[in-house]
Amino acid sequence: MELDLTPKFAQKVFEGEGGAYYCWSSSEFPILGEGKVGAGKLVLQPRGFALPHYADSSKVGYVLGGGDGIVGMVFPNTSEEVVLKLKKGDVIPLAVGTVSWWFNDGDSELVIVFLGETSKSYIPGEFTYFFLSGALGIMGGFSPEFLSRAYKMNKDEANKLAKSQTGVLIIKLQEGKTMPKPNQNDTNKLVYNIEAALPDIRVKNGGQVTTLTEAKFPSLDQVELSTKLVKLDANAMFSPTYTTDSSVQLIYVAKGIGQIQIVGINGKQVLDIEVKPGHLLVVPKFFVVAKLAGGEGLECFSITTSKKPAFEDLASKASVWQALSPLVVEASLNVSTELEELFKSKIGKNTILIPFKN
């Protein structure tokens with residue numbers, strides 16, 4: 001089974017005065033379609049406004065940079081808009097069909113990466129967006145006759161309603177144009193800052209791991225995904241791991257440089273490559289992945305296509321090797337009792353994060 005897992009950078013889809021949108025194409029990155037996952041990245045300049053839209057996929061947004069973002073959302077089967085405040089490190093679930101708009105109210109770029117599943121999308125491995133307004137908006141697709149009937153306006157009024165906004169995807173609002181103010185209670189409920197959260201695992205000189213599931217962040221239940229933020233210290237290693245529940249991992253490299261290896265079917269190494277900020281990787285179900293940070297550390301944000309993921313690792317005191325009986329380990333590896341004991345004593349001291357030691 002030949003799979004090309006080479007990580008890819010996003011390609012620019014649109015750029016205007018208000019910002020830009022990037023995506024990873026499944027035609028150039030076929031493993032996205034095979035894994036039924038997708039990704040995109042939104043960059044909003046100050047005063048940049050992403051027009052209201054909905055999509056055919058559930059996803060999670062992660063704020064990579066910027067401190068004064070605003071998102072407005074209308075969930076399916078509701079008639080109320082919620083307006084949320086965004087800052088660096090925030091995680092925002094977006095269920096399929098949710099209408100959202102995004103605005104940069106600050107003086108620096110607002111950058112958000114979106115990772116999601118595409119099992120129901122029009123194009124496997126990609127998000128398809130439907131805009132309510134603008135040059136590509138739904139409003140402009142209907143005839144003035146239909147719009148005038150639907151909104152009880154004359155045809156001239158209906159035509160202005162549909163055609164006045166000529167912008168595409170992202171526009172820049174004029175100074176003085178105000179937007180709705182975020183609601184702090186809704187923000188506390190629907191946004192989770194994974195960077196500020198207490199890590200699940202922290203190892204001196206190794207780094208830290210913070211995992212979000214519906215148990216910690218109930219809003220993730222609507223997208224049926226879980227997320228993880230891994231911060232490796234300089235030259236530290238993230239132990240070889242795999243999912244035991246057939247879920248797929250989608251990893252975005254947020255910061256630093258490192259090495260990632262993936263081993264798949266029949267013990268074949270299918271990836272051994274240096275990764276850089278902006279790289280996107282797919283880890284197929286049951287494949288084993290290990291990360292090694294460079295001299296400046298490595299930071300990765302990822303999703304797993306399960307709201308209650310199950311992981312197994314191969315190099316810590318909680319690993320399957322530690323659980324197997326000594327006789328089974330000796331026979332399986334064809335090693336002496338002494339080497340088996342040394343092997344287990346070494347992994348018995350490890351966590352999933354392994355610091356570098358001279």
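This is a predicted model: local features need pLDDT of at least 70, side-chain atom pairs count only at pLDDT 80 or more; totals for chains, interfaces and linings use all residues.
Trainee: How does one find empty space in a structure?

Mentor: Rolling a probe the size of a water molecule over the atoms shows where space is left empty. In this model, the largest pocket holds about 340 Å³ of space.

Trainee: Which residues lie nearest the centre of the largest pocket?

Mentor: Tyr21, Phe127, Tyr129, Phe131 and Leu169 do, out of a lining of 21 residues. Strand 2 (19-23), strand 3 (37-44), strand 4 (48-55), strand 9 (99-104) and strand 11 (129-131) each give two or more residues to that lining.

Trainee: How many residues of each class are in the lining of the largest pocket?

Mentor: The count is 15 nonpolar, 4 polar and 2 charged residues.

Trainee: How many cavities of 30 Å³ or more does the structure hold?

Mentor: There is 1, and the volume of the largest cavity is about 50 Å³. Its lining includes His53, Tyr54, Ala55, Ser57 and Lys59. Also in the lining are Leu94, Ala95, Gly97, Thr98 and Ser100. Strand 4 contributes the most, with 3 residues. By class, the lining of this cavity has 4 nonpolar, 5 polar and 1 charged residues.

Trainee: Next, the rings. How many aromatic pairs are found in the whole structure?

Mentor: The search gives 10 aromatic pairs. Take Tyr54 and Phe130: their ring centres are 5.2 Å apart and their planes meet at 10°, so the pair is stacked. The cut-off for stacked is planes under 30 degrees apart.

Trainee: What does the pair of Tyr54 and Phe130 tie together?

Mentor: Tyr54 is in strand 4 and Phe130 is in strand 11, so the pair ties together parts that are 76 residues apart in sequence.

Trainee: How are Tyr54 and Phe130 classed by accessibility?

Mentor: Tyr54 counts as partly exposed, at 26% relative accessibility. Phe130 is also partly exposed, with a relative accessible area of 27%. Buried would need a value under 20%.

Trainee: Are the rings of Trp102 and Phe114 stacked or edge-to-face?

Mentor: Their centres are 5.3 Å apart and their planes are at 80°, so this pair is edge-to-face. Here the cut-off is planes over 60 degrees apart. Trp102 belongs to strand 9 and Phe114 to strand 10 (residues 110-117), and the two are 12 residues apart.

Trainee: Are Trp102 and Phe114 buried or exposed?

Mentor: Trp102 is buried, at 1% relative accessibility. Phe114 is buried too, with a relative accessible area of 4%.

Trainee: Which residues do ring pairs link into a cluster?

Mentor: Tyr21, Phe127 and Tyr129.

Trainee: Which charged end sits over the ring of Phe127?

Mentor: That of Lys59, at 5.4 Å from the ring centre. Lys59 is also one of the residues lining the largest cavity. In another case, Lys291 lies over the face of Phe238, 4.3 Å from the centre of the ring.

Trainee: Last, a pair of strands. In what sense do strand 18 and strand 19 pair?

Mentor: Strand 18 (residues 249-263) and strand 19 (residues 269-275) are antiparallel, with 6 bridges. Within this pairing, Gln261 stands opposite Asp272 of strand 19.

Trainee: What do strand 18 and strand 19 form, and how many residues are between them?

Mentor: They form a hairpin, with 5 residues between the strands. In the turn, Asn266 has a positive phi of about 60°.

How values were computed
Residues are numbered from 1 along each chain as its sequence is written. Side-chain values use heavy atoms; hydrogens and water are left out. On a 1 Å grid over the protein atoms alone, a cavity is a set of points where a 1.4 Å probe fits but cannot get out, and a pocket is an open set with protein on both sides within 12 Å along at least five of seven lines; lining residues have an atom within 4 Å of a point. Grid points are joined across faces, edges and corners, and a volume is the space filled by probe spheres set on the points. Helices (H or I, at least four residues) and strands (E, at least two) are DSSP runs, numbered from the N terminus. Ala, Val, Leu, Ile, Met, Phe, Trp, Tyr, Cys and Pro count as nonpolar, Asp, Glu, Lys and Arg as charged, and the others, Gly among them, as polar. Two strands pair if DSSP finds at least two bridges between them. Rings of Phe, Tyr and Trp (its six-membered ring) pair if their centres lie within 6.5 Å; planes under 30 degrees apart count as stacked, over 60 as edge-to-face and the rest as tilted. Buried means under 20% relative accessible area, exposed over 50%, partly exposed in between (1.4 Å probe, protein chains only). A charge sits over a ring if NZ of Lys or CZ of Arg is within 6 Å of the ring centre and within 35 degrees of the ring normal.
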